[in-house]
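Please read them with the structure open beside you.

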Amino acid sequence: MHRFKLPPQILRLILVAMAIVGSYLVARSFLVPPSFGEYGWYRGDALKLIAARDPVFAGKQACDECHSDILHKLAKDAHKTLSCEGCHGVSREHCDNPDILPVKATGSHCIRCHEANLARPAWLKQIVVKDHYGPKCTECHLPHQPTQSP
Amino acid sequence: MNHTINRRSSLLRMGAAMAGLLTVSFARAAKAAVQTVFVSTTAPKGYDPTKHKWLMCIDASKCIGCGLCAEACKKENGVPEGPYYRTWIERYIIPKPKPGSDLTRGEAIVDSPNGGMHGFPEPTLPKDKIEHAFFVPKLCNLCENPPCIQVCPVGATFTAPDGAVLIDPNYCIGCAFCIQACPYGARFLNPATKTAEKCTLCYHRISRGLKPACVEVCPAEARIFGDLKNLAADDPLQKFYEKNRVQVLKPHLGTEPRVLYAGLDKEVR
């Protein structure tokens with residue numbers, strides 16, 4: 001009876017192919033990051049890495065915790081859409097430690113929005129600074145209640 | 001030495017190979033478990049990107065060009081000094097047509113000194129020659145078909161399930177293909193890290209329940225930001241696209257941006 005015997009060169013080819021596939025699988029298992037494919041064709045941990053940064057701006061809600069009286073006044077007047085940190089600067093440190101005071105808002109913050117510019121929309125109140133009275137805005141205008149005078 | 005391979009020894013060898021492969025996968029699973037349990041990052045816990053879909057809308061007719069958004073973005077995200085912006089403001093000046101020409105208007109003049117961070121100087125054109133002028137805030141357009149993602153050779157940039165187009169800083173090789181591919185100029189190469197950077201919608205803020213820094217400081221409510229999957233009853237986002245006729249930038253490119261604009265003129269690109 002003739003018994004089938006695999007030719008040695010075919011056997012060697014099979015072994016080499018298995019070695020290549022095996023080393024690919026081993027290398028792949030080491031090289032592919034654990035979170036790959038969590039949400040898609042990328043590293044899911046990258047989202048956590050990007051989200052790990054600490055926020056710099058505290059946000060209006062954080063201001064409301066201590067200064068709700070000022071925010072209450074602000075909400076009733078034309079400046080209700082303004083953020084505290086737009087004029088007073090970043091206040092994250094001030095939130096954690098109230099002794100660290102944020103930057104004092106000055107007249108330059110008023111001019112930033114209210115200086116006349118052709119491209120500004122017409123609904124915004126604008127002044128030509130050199131033709132407008134005064135060295136100090138707060139002499140005539142209350143920044144938190146801009147429609148009222150002191 | 002005996003070199004004969006019998007059934008017993010070959011079975012033992014195959015078993016050893018299987019055990020080796022299993023050890024590798026076990027080691028990887030253990031590493032992942034250790035990473036999630038013991039390696040503490042400041043990343044907010046409990047944020048599930050599949051439960052949100054962020055959308056940014058811009059009402060250009062409300063923008064007053066104060067530059068607070070561009071400045072806040074730099075501070076919030078540590079964007080390097082110099083001409084690098086994740087968001088910026090452009091001023092469009094539409095001149096009157098030359099007398100005698102049959103055009104309705106002249107060619108638009110666009111400028112953005114310092115990204116608009118420190119305001120805009122008086123236009124060089126005399127006032128009586130200007131038809132009108134307006135500001136347009138710009139940022140990543142959160143494309144549905146982002147060309148920047150197609151060209152990345154290492155797969156470092158991707159769209160997160162919540163709609164933000166992000167870059168994995170550990171995988172970016174800084175080849176700048178994406179910077180060339182973006183039709184909106186929303187990306188730049190960070191000179192310090194030598195990796196591409198872009199607006200992340202302040203991912204570290206929105207995953208903590210805060211608004212992006214530019215939306216937070218905008219005094220005119222020109223930027224409207226919200227979550228399409230968790231719309232409140234009187235959501236400003238819903239109000240915005242119910243009230244306005246919206247459009248996107250460069251619609252002919254088929255990028256399907258998700259940043260919607262209202263109050264644009266035909267010159268805006």
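Predicted model: local features only at pLDDT ≥ 70, side-chain atom pairs only at ≥ 80, totals over all residues.

**Notes on chains A and B**

1. Among contacts in chain A between residues at least 6 apart in sequence, 41% join residues that are at least 24 apart.

2. The secondary structure of chain A consists of seven helices and zero strands, so that, read from the N terminus, the order of its elements is α-α-α-α-α-α-α.

3. As to the dimensions of chain A, its radius of gyration is 33 Å, whereas a compact globule of 150 residues would have a value near 15 Å. The C-alpha trace of chain A spans about 115 × 40 × 25 Å along its principal axes, and of the 150 residues in this chain, 19% are buried.

4. Chain B is more spread out than a compact globule, because its radius of gyration of 26 Å is well over the 18 Å that the globule rule gives for 269 residues.

5. The box filled by the C-alpha atoms of chain B, taken along the principal axes, is roughly 105 × 40 × 35 Å. How many of the 269 residues of chain B count as buried? The share is 36%.

6. For the contacts of chain B, counting those between residues at least 6 apart in sequence, 64% join residues at least 24 apart.

Conventions. Residues numbered from 1 in each chain as written. Chains lettered and ligands numbered in written order. Rg over C-alpha atoms; globule rule 2.2 N^0.38 Å. Buried ≥ 20, exposed ≤ 12 C-beta atoms within 10 Å, placed from the backbone. Contact = placed C-beta atoms within 7 Å. Helix = DSSP H or I, 4+ residues; strand = E, 2+ residues; numbered from the N terminus.
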